[in-house]
Amino acid sequence: MINFFELKKIAEKYSKEIHEAVTRVADSGRYLQGEENKKFETDYAEYIGTKYAIGCGNGLDALTFIFRAYIEMGIMQTGDEVIVPANTYIASILAITENRLTPKLVEPSIDTYEIDDNKIEEAISSKTKAIMIVHLYGQCAYTNKIGELCKKYHLKLIEDNAQAHGCKFNNKHTGSLGDAAGHSFYPGKNLGAFGDAGAITTNDKELATIIRSLCDYGSTEKYIFKYNGRNSRLDEIQAAILDLKLKYLDQDNNLRKQIAKYYIENITNPQIITPIVNNWNANVFHIFPIRCKKRDELQQYLRNRGIETLIHYPIPPHKQECYKEWNQISFPITEKIHKEELSLPINQILMNSEVCEIVKAINAF
Ligand SMILES: *Cc1c(COP(=O)(O)O)cnc(C)c1O
């Protein structure tokens, strides 16, 4: 059986250091907002290339707090619009609606699956305050055109970097390309914790200060509350684990890239569309998405051969019950991706023999 991923095996890879880290925190008597947080925040900000990184409870909170902080700063208000790709994980959009801002869904490109920068300008109105790009599947969604649109219309650029730790645009990491970025360290992400965890990166001092406060009940100092914030903190144990795994991130991403290369070069079945890669630095393959008209049949066929695949994602956000108001709107490219997409196993512990077996099975379909 080839599983999509086995977190247990990934944990085994770093087992000794993880046990050391967990023991260190357990013995320290400090479980929140201590040295481990400081160290990870410093190291992660340096890695991403921003002045500030603020640890928080999860990726959804990270994205939500960015908008909330802009509201506190008077830069955004209820009813303002945020441009966001229609093809994304629900959390990107929840972060906007949670703040009573209005998402403006924009179709992706069928070649990259990322937001189509040719369709953004027509979605901009006098109420638009930000563009949120999502580096979906681990691929950079930023383009120079998006940067220019933000300048031209004075829009904030927010990155959802939940799937793309280590991904680059030219020489800069995603997460440092816009005004602020939200990161998730959900266990299955490229940089994964042993539970929920997230972070915000930015170069904006005021934004960073407000976000730090929002994560901690809105307090500016102990028992002084300036905002009605929330409790969303990064545990010391998670920070310690993330900090040690960060050292291996580039190495692990390179293993993913080697697998992706092998898939792209060796999957020859004409029914299968593999990702187009123009720049290998601009993709860290959180997901290896293929497309197939007979997707469900292919998934069952692979399952019968002991190969587990997943679908990212089966139902697009605009067809979900939580967004009933959009259910009748048609986003044909997004819907096509959701109908045809299949994610092949890709991670730092997959063996060559398993990758060969997957390719053989797909070519024989
Ligand atoms: C995982 C993910 C999130 C949310 O992160 P959590 O830590 O699970 O809250 C947000 N956006 C995208 C694109 C994701 O993949």
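User: Which residues of H5 are buried?

Analyst: The model is a predicted one, and a residue counts as buried here when its relative accessible area is under 20%. By that cut-off, the buried residues in H5 are Ile-90, Ala-91, Ser-92, Ile-93, Ala-95 and Ile-96.

User: Why is helix H5 described as largely enclosed, and what covers its buried residues?

Analyst: Helix H5 runs over residues 90-97, and because six of these eight residues are buried, the helix is largely enclosed by the rest of the structure. The cover over its buried residues includes one helix and several strands, namely helix H4 (59-72), strand S2 (81-85), strand S3 (102-106), strand S4 (128-134) and strand S5 (156-160).

User: Is Tyr-223 buried or exposed?

Analyst: Tyr-223 sits in the loop between strand S10 (219-221) and strand S11 (224-225). Together with Tyr-217 and Phe-225, Tyr-223 forms a nonpolar surface patch that has about 400 Å² of accessible area. The relative accessible area of Tyr-223 is 64%, so this residue is exposed.

User: What is the radius of gyration of the protein, and how does it relate to the globule rule?

Analyst: The protein has twelve helices and 14 strands. For 365 residues the globule rule gives 21 Å, and the value for this protein is close to that, so the protein is as compact as a globular protein of that length. The radius of gyration is 20 Å.

User: What percentage of the residues in the protein is buried?

Analyst: The accessible surface of the protein comes to about 16,400 Å², with 50% of it belonging to carbon and sulfur atoms. Of the 365 residues, the buried share is 57%.

How values were computed: Residues numbered from 1 in each chain as written. Predicted model: local features only at pLDDT ≥ 70, side-chain atom pairs only at ≥ 80, totals over all residues. Heavy atoms only, no water. Patch = residues over 30% accessible without salt bridge, like charges linked within 9 Å, V, L, I, M, F, W, Y side chains within 5 Å. Areas by Shrake-Rupley, 256 points an atom, 1.4 Å probe, with all protein chains shown as cover. Salt bridge = Lys/Arg side-chain N within 4 Å of Asp/Glu carboxyl O. Helix = DSSP H or I, 4+ residues; strand = E, 2+ residues; numbered from the N terminus. Buried < 20%, exposed > 50% of the residue type's maximum accessible area, 1.4 Å probe, protein only. Contact = heavy atoms within 4.5 Å. Rg over C-alpha atoms; globule rule 2.2 N^0.38 Å.
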